[in-house]
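Reader: Could you walk me through a structure, one feature at a time? I would like to learn how to read each kind of feature.

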Amino acid sequence: MTQNYFVGVDGGGTKCKARLENEYGDLLGEGLSGPCNPAQSAETAFTSIIEATTQALEAASIPALQLKDLNVCLGLAGVNVPRYRATAESWILPFKYTHITTDLHIACVGAHAGKDGAIIITGTGSSAVASLSGTLTNIGGHGFPLGDKAGGAWLGLRALQYTLESLDSLMPSSNLVIRICEALGTSDPQEIVGKSLHYKSNDFGKFAPVVVKCAIDNDPVARAIVEEGKEYLCEIVSRLNKLGAKRIAMIGGLSSQWAQWLPENIKEQLQPAICSPEFGAVSLVKHVVKER
């Protein structure tokens with residue numbers, strides 16, 4: 001190949017997205033696959049990376065272009081934890097060059113077009129990062145179920161926990177309990193435990209829309225769960241302010257909903273993301289390859 005090709009991969013708890021560009025910044029193709037968090041399943045994450053990248057390659061319709069010709073940046077959930085970063089770095093990938101970083105890093109680069117700023121991600125999980133004067137500061141992102149407060153998996157977990165307590169007659173019932181039981185297809189506590197005992201974050205995240213809908217309908221239990229998540233996000237914004245972040249973006253599948261629930265003084269500080277995480281990943285790998 002006579003020119004360089006670059007792929008940015010945004011790998012999260014529920015999906016993996018790849019963006020293929022040439023050295024001139026032209027978008028050539030994109031790909032979308034399944035979960036891509038090495039902390040949840042290294043095998044699944046590896047498969048999702050290859051699948052999404054292959055899709056982007058096929059979409060480009062450049063006959064001579066192959067996986068071995070690609071310079072790739074993998075922005076992955078979970079690799080902020082050293083043991084899972086080591087797992088990702090041990091993969092034998094078919095690419096020309098691979099740069100591994102966190103999904104937060106690429107999202108922050110994309111959200112502020114490479115300039116200083118901070119982001120809060122509220123999707124299946126939750127986390128935040130500030131990129132200021134070349135220094136990255138992570139907040140949260142400790143992984144589900146230890147962290148990820150205000151993420152979709154956390155919302156689902158809190159809803160199931162309350163549902164079980166209600167079915168044991170320890171807490172009052174509510175519309176949320178009814179809707180969760182309908183989603184599970186049972187109101188028997190032991191059956192619920194049997195169904196959910198080995199759930200992963202994306203499984204719990206499937207109940208997040210139920211919590212959101214019930215909160216919008218002013219169900220008191222759902223509203224209490226949302227209030228807890230809202231307070232957590234407000235504390236994150238306060239921490240980012242203390243770090244000196246002048247521009248803060250909130251991204252992720254639940255970001256627009258949380259933005260509606262946050263107080264006005266917090267909402268006023270949130271700015272839209274300029275570019276996507278996978279765009280940020282492409283920018284990073286271009287810079288790294290140039291500096292090599």
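Author: Happy to. Glu228 is partly exposed, with a relative accessible area of 29%; buried means under 20% relative accessible area, exposed over 50%, and partly exposed in between, with a 1.4 Å probe and protein chains only. This is a predicted model, in which local features need pLDDT of at least 70 and side-chain atom pairs count only at pLDDT 80 or more, while totals for chains, interfaces and linings use all residues. Residues are numbered from 1 along each chain as its sequence is written, and side-chain values use heavy atoms, with hydrogens and water left out.

Reader: Which residue meets Glu228 in a salt bridge?

Author: First the general idea: side chains of opposite charge can pair when their charged atoms come close. Here a salt bridge is a side-chain nitrogen of Lys or Arg within 4 Å of a carboxyl oxygen of Asp or Glu. The partner of Glu228 is Lys149, at 3.4 Å from N to O. This pair links distant parts of the chain, 79 residues apart: Lys149 is in the loop between strand E8 (135–140) and H4, and Glu228 is in helix H9 (residues 220–243). Helices (H or I, at least four residues) and strands (E, at least two) are DSSP runs, numbered from the N terminus. Lys149 counts as partly exposed, at 27% relative accessibility.

Reader: How many salt bridges are found in the whole structure?

Author: The search finds 13. One of them joins Lys17 and Glu30, with the closest N and O atoms 4.0 Å apart. Lys17 lies in strand E2 (residues 16–22) and Glu30 in strand E3 (residues 27–33), so this pair ties together parts that are 13 residues apart in sequence. Lys17 counts as partly exposed at 28% relative accessibility, and Glu30 counts as partly exposed at 36%. Lys17, Glu30 and Glu278 are linked in a network of salt bridges. Another salt bridge is between the side chains of Asp203 and Lys206 (3.9 Å, N to O), and Lys206 is exposed, with a relative accessible area of 60%.

Reader: What about Asp10: is that residue buried or exposed?

Author: Asp10, in strand E1 (residues 5–11), is buried yet has no salt bridge. The nearest side chain of opposite charge, Lys15, is 5.9 Å away; Lys and Arg count as positive and Asp and Glu as negative, while His and the chain ends are not counted. Leaving out residues up to four places away in sequence, Asp10 touches several residues, among them Lys17, Asp103 and Glu278. Contact means heavy atoms within 4.5 Å.

Reader: At what angle do H4 and H5 pack?

Author: Two packed helices are described by the angle between their axes and the distance between the axes. Helix H4 (residues 152–167) and helix H5 (residues 175–184) pack at about 105°, with their axes 9 Å apart. Axes are lines fitted to C-alpha atoms, for helices over the stretch in contact, and angles run from 0 to 180 degrees between N-to-C directions. H4 and H5 are therefore roughly perpendicular to each other, a term for angles of 65 to 115 degrees.

Reader: Which residues meet there?

Author: Ala159, Leu160, Tyr162, Thr163, Ser166 and Leu167 in H4 meet Leu176, Val177, Ile180 and Cys181 in H5.

Reader: And which residues of H8 are buried?

Author: In helix H8 (residues 208–216), the buried residues include Val210, Val211, Val212 and Cys214. The buried residues of H8 pack against H4, H5, helix H7 (201–205), H9 and helix H10 (255–261).

Note on methods. Parallel < 35°, antiparallel > 145°, perpendicular 65-115°, else oblique.
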